[in-house]
Amino acid sequence: MKVKVGDKVSVIRTFAVRSLSRFVNDLDNSDILDLLLEVLPLEQNADVRKTIVLSLPPSNATSQAIIDCTLDVSESVRKAAYCVLANKFPLQSLSIKHRTMILKRGLADRSEAVSKECLKLMKDHWLAKHCNGNPIELLKYLDVETYELVGESVMAALLKEGLVKPSDGQSMREYISSADVETEGDSSHCTQRIQLMEAEVALYWKAACRHLQMEAEAKGSDAAATMGTEAAVYAAEASDTNDLLERILPATLSDYVDLVKTHIDAGANYRFASRQLLLLGEMLDFSDATIRKVASAFVQDLLHRPLDYEVDDDGNKVVIGDGINLGGDKDWADAVSRLARKVHAATGEFEEIMTGAVKELALPCRERTADFIQWMHSLAVTGLLLENAKSFHLIRGKPAESAELLHSLLLPGAKHVHLDVQRVAIRCLGLFGLLENKPSGELVKQLRLSFVKGCPTVSIMAGKVLIDLGMWHGPQEVDKAMGQKDISFQPRNDKMTSSPINLSETDGDLNVELLDLLCAGLVASDRGKYSGDENESIEAVIGEGFAKVLLLSEKYPSIPASLHSLLLAKLINLYFSNESKDLQRLKQCLSIFFEHYASLSANHKRCLSKAFVPALRSMWPGINGNAGGSSLVVSNKRKRAVQASKFLLQMMQAPVYAKETEVEDENGIRNMPETSDVSEQSSLECGEEGLAIRIAVEVLGIHMKKTPAERSFVSALCRILVLIQFRLSEQGAIKLMRRLLNHIFESVSTERDLVKELKRMSDRLTGLDKHPDEELSQDEANLIFGRLELDFSLDAQVPVLQTPAPCSTRPTRSRRKAKRDETSSDEEDSPTSAQYVVPSNPGSISTRSERASKTAALTKMTASIIPTKIDEDDNEEEESSEVTSEEDSDESD
């Protein structure tokens, strides 16, 4: 049976697994269990995987394998996994991570049958058997403080199915004792009459109240949309639901405020419960002026509550939390802002009370009497205002006007001696710039200065802000804010690559454009300076920003399309760079980006085709000013470049996704894209044919007398060229490629294997050519080159092929010895070694003098006398001049 588990027939494998399942529980037959766990992830047939999952016994060794099957592509396998987890694994036997993972995947599964199976697991087994039908007990098994979203989805599913119904006897008023009368100002007495809630209880009541509110609103909408008896029924149901919600919530607003304050004062252990209770404030009615006055005082108290801190062993104060948001937590700041906007719902009222709070908190900062905690508190409230303000004009004319806010708080904060204050101020400057119609010069100058001269954390924050401003306003507007009035974004091919900027010498120079400045952060030589903690780095921030720009290029028309290929080449070089191997966040981001970029749009393929050759040139050692190194270093760099070229070719060959508006999911049938999209995808610029012509032009653009680095580069390009497939519809590209191949043969004539591959490609193209005897005219060739934005002429290459008596390429023994000495000195160690060779002029080769013809004839006569042994030695020496062959590169890969 063990042998039959690997049978080629799926039915036999299924019955073999069923037979082995009878012995899988025996301790003496542990090898059977190991066999099933080994076969499960490799099995291709869904029925066999389902049988294996149903046969696995409950144990620590099998739980992870079964949970992994909840992500199986087959609906039946996922459903079987939830069935096994329900029947064989008690709730207590699973870890908290596994419990939340099961529910998160199951409740959000795209298949209704699978989600129902997961709901059955949660309802009939976990809730009924292990929690006695108490949803709060179930939430305690899920650690809702860590997995809040899972807890909310569980409560939403239970409430939707009607499994949780708050009765009249249950209410939040149970936690508020009214036995004694509260004395005004007696806060200790208030604390004694409030019973603290656990995190699960607070989440339960928030979810229940929100469900009742949504249900009442839905019933009210149905009543308004219908008439007669049906409308009366809906209205009655909505009224009953609202009455139940009022009986659950605290009786008065004062009770609600006391309840929240008590939990806040209880410390960090009740911070989660406090936030859940704050979110309940959105369900209260603040239409009454008296109630709104009490709520407004409570909001002011929340805004003026100082940041929590602790004192370390050296007596220094350390802020608790992220040090950016109010309360040190993004979720807490959102809860406060939502409550404040609910209380002050009138137009401009929210901005007015927030600017008033900012003015009071910023007073010690303007007087320079505040410590760094007061600075951070003031900036946190300012960030809350700027982040939630609907419009910038609503802030103007308020107690803290925008200009005063910028010059008295934000810019001084960015220059503060404390680094945490600088970081928060930089974030506020970014939010301020997003609200402006055009970014101000002082703001942009400070951001650029902080990006260049700031510490790692400040530089990272400044990089984020500059990217956001560039995408929101456009890089032109950001540069104009620095005084660059006449900016024309028509980049050359060597733009942003010819002379990298040294960030330590710019000092926020006005002449450096924004994108050049950001690209300099990608290639900063001093990586220790421009990297933050283990989770973030300046390279990751800028790389993610550029990836977002390229991925959503249609949504950012302010960034010129001509820059997309340059940015893409930067990201390709960064992704395959050896220096970025420790930037795990960046590698993960770019891997997802490259996986989907080329398939999202035909324009992306056009950009990828344009970026292919520049990206490969920037990675190849010894050319284009790139540093070389030892033989091992050069070999590794070439291998990475070859790997990148193959990866980019796979991206070019990936099909384009159909647009979402063109997909029909009702019957599982996917329609074809529109005709316009198909024609755009099949165009020369977006296809493999355009890439092949670009590669051929690059090969012919390198002069005949090549350095070893250039020879290896040409060889790598040609090996990619032979992998490209041409479509029968592109007859013009086929004819042009045949002509280009005739010239390429001369360029790589010394590599016999490569010549054979190119010959096979030429034969393949000849078979695709419908009229092989017809020649492509020069005008047609120029038209194709123009579409690809290539400056190339076939006429300039003709004299090279028609040279009557080319000079012999076989040197004498003495010259071979010199060549061997030169090669051993590793001429690629110098990054400018390829620049010392002056390209030969094709016109000068065809017009040779009479003396040169005699020299060529004598050389041929001398070569015929040389024994065959010399030819063999010459071939060996010529092959040894290559530092790394393509075969070695492939084997190492």
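I call a residue buried under 20% relative accessible area, exposed over 50%, and partly exposed in between (1.4 Å probe, protein chains only). This is a predicted model, so I keep in mind that local features need pLDDT of at least 70, side-chain atom pairs count only at pLDDT 80 or more, and totals for chains, interfaces and linings use all residues. Residues are numbered from 1 along each chain as its sequence is written, and side-chain values use heavy atoms, with hydrogens and water left out.

**Entry 1: the salt bridge count.** I took a salt bridge to be a side-chain nitrogen of Lys or Arg within 4 Å of a carboxyl oxygen of Asp or Glu. How many salt bridges does the structure hold? I noted 32.

**Entry 2: R275 and E148.** I looked up this pair and found a salt bridge between the side chains, at 2.8 Å from N to O. It links distant parts of the chain: R275 belongs to helix 14 (residues 271-280) and E148 to helix 9 (residues 148-160), 127 residues apart. Helices here are DSSP runs (H or I, at least four residues), strands likewise (E, at least two), numbered from the N terminus. Are R275 and E148 buried or exposed? I found both of them buried. I also noted that R275 and E148 join E152 and K206 in a network of salt bridges.

**Entry 3: D308 and R271.** These side chains meet in a salt bridge at 3.9 Å, N to O. D308 sits in the loop between helix 15 (289-304) and strand 1 (309-311) and R271 in helix 14, so the pair ties together parts 37 residues apart in sequence. I read a relative accessible area of 44% for D308, which is partly exposed. R271 is partly exposed too, at 26%.

**Entry 4: R366 and E404.** Here I found a salt bridge of 3.9 Å, N to O. Why does this pair tie together parts that are 38 residues apart in sequence? Because R366 lies in helix 17 (residues 349-366) and E404 in helix 19 (residues 402-414). R366 is partly exposed, with a relative accessible area of 28%, and E404 is partly exposed at 33%.

**Entry 5: the greasy spot.** V9, V11, I12 and F15 make a nonpolar surface patch of about 330 Å². Patches take residues with over 30% relative accessible area and no salt bridge, joining like charges within 9 Å and nonpolar side chains (Val, Leu, Ile, Met, Phe, Trp, Tyr) within 5 Å. Accessible areas come from the Shrake-Rupley method with a 1.4 Å probe; for residues, only the protein chains shown count as cover. I placed V9 in the segment before helix 1 (10-20), and V9 is partly exposed at 36% relative accessible area.
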